[in-house]
Amino acid sequence: MADPQGGLTLLFTDIEGSTLLLRELKGSYGLLLRVHQRMLERSFDDHHGRSMGSEGDSLFYVFPNARDAVAAAVTAQQRVEHHSWPEGARVRVRVGIHSGDAVYRDGDYFGGDVNLAHRVVNRALGGEVLVTEALAGAVDSEHLRFEPIGEVTLKGFPDPIHLLVVQAASL
């Protein structure tokens, strides 16, 4: 993927309850984290995503379009849900996606829409893919539904944002 200036689809992930998992699994948490990360990376790479980095158990990816990002997120959630995790752990990944403008500088993307996408993931529950209304309108698929959860106020954004949860038969 080129380094485009402007419109992209921005995806963030986070493991729900990771601090508790770390306490419960102790030494095997590192393996769980590596498996989780490789699983998500493969899903995102297969759908034309570009890794922009990770922090702890969170990943940041950019996609050339909303359709690829949502397909990648659904694939990732399927893989996580059907994986046999060590010691009977239940890994629940939260995904937040938003399409918008971003500025590329020094190997990273910046801007208000990047911040918005990062805030969306914080509103998702484990196992959910949460998207903004603008993104949902750009995805046309007979295999997906977007269920409104309503307007929410996100930290740093004065106006409420309409969020929707992705509903796929496989989730």
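## Contacts along the chain

In the protein chain, 70% of the contacts between residues at least 6 apart in sequence join residues at least 24 apart. The model is predicted.

## Overall dimensions

The radius of gyration of the protein chain is 15 Å; a compact globule with 171 residues would have one near 16 Å, so the two agree. Taken along the principal axes, the C-alpha atoms fill a box of roughly 40 × 35 × 30 Å.

## Secondary structure

The protein chain contains 5 helices and 8 strands. Their order along the sequence is β-α-α-β-β-α-β-β-α-β-α-β-β.

## Strand S4 and its partners

Strand S4 covers residues 93-105 and runs parallel to strand S6, residues 129-132, with 3 bridges joining the two. In this pairing, Gly96 stands opposite Leu130 of S6.

S4 is also joined by 3 bridges to strand S5, residues 108-110, and these two strands run antiparallel. Here Tyr104 stands opposite Tyr109 of S5. S4 and S5 form a hairpin with 2 residues between them. Asp106, in the turn, has a positive phi of about 50°.

## Burial and surface

Of the 171 residues in the protein chain, 46% are buried. The accessible surface of the chain comes to about 8,700 Å², and carbon and sulfur atoms account for 48% of that area.

## Charge

The protein chain carries 16 positive and 23 negative side chains. The centres of these two sets lie 7 Å apart.

Conventions: Residues are numbered from 1 along each chain as its sequence is written. This is a predicted model: local features need pLDDT of at least 70, side-chain atom pairs count only at pLDDT 80 or more; totals for chains, interfaces and linings use all residues. Side-chain values use heavy atoms; hydrogens and water are left out. Two strands pair if DSSP finds at least two bridges between them. Helices (H or I, at least four residues) and strands (E, at least two) are DSSP runs, numbered from the N terminus. The radius of gyration is taken over C-alpha atoms; the globule rule is 2.2 Å times the number of residues to the power 0.38. Buried means under 20% relative accessible area, exposed over 50%, partly exposed in between (1.4 Å probe, protein chains only). Contact means heavy atoms within 4.5 Å. Accessible areas come from the Shrake-Rupley method with a 1.4 Å probe; for residues, only the protein chains shown count as cover. Lys and Arg count as positive and Asp and Glu as negative; His and the chain ends are not counted. The place of a charge is taken as NZ of Lys, CZ of Arg, CG of Asp or CD of Glu.
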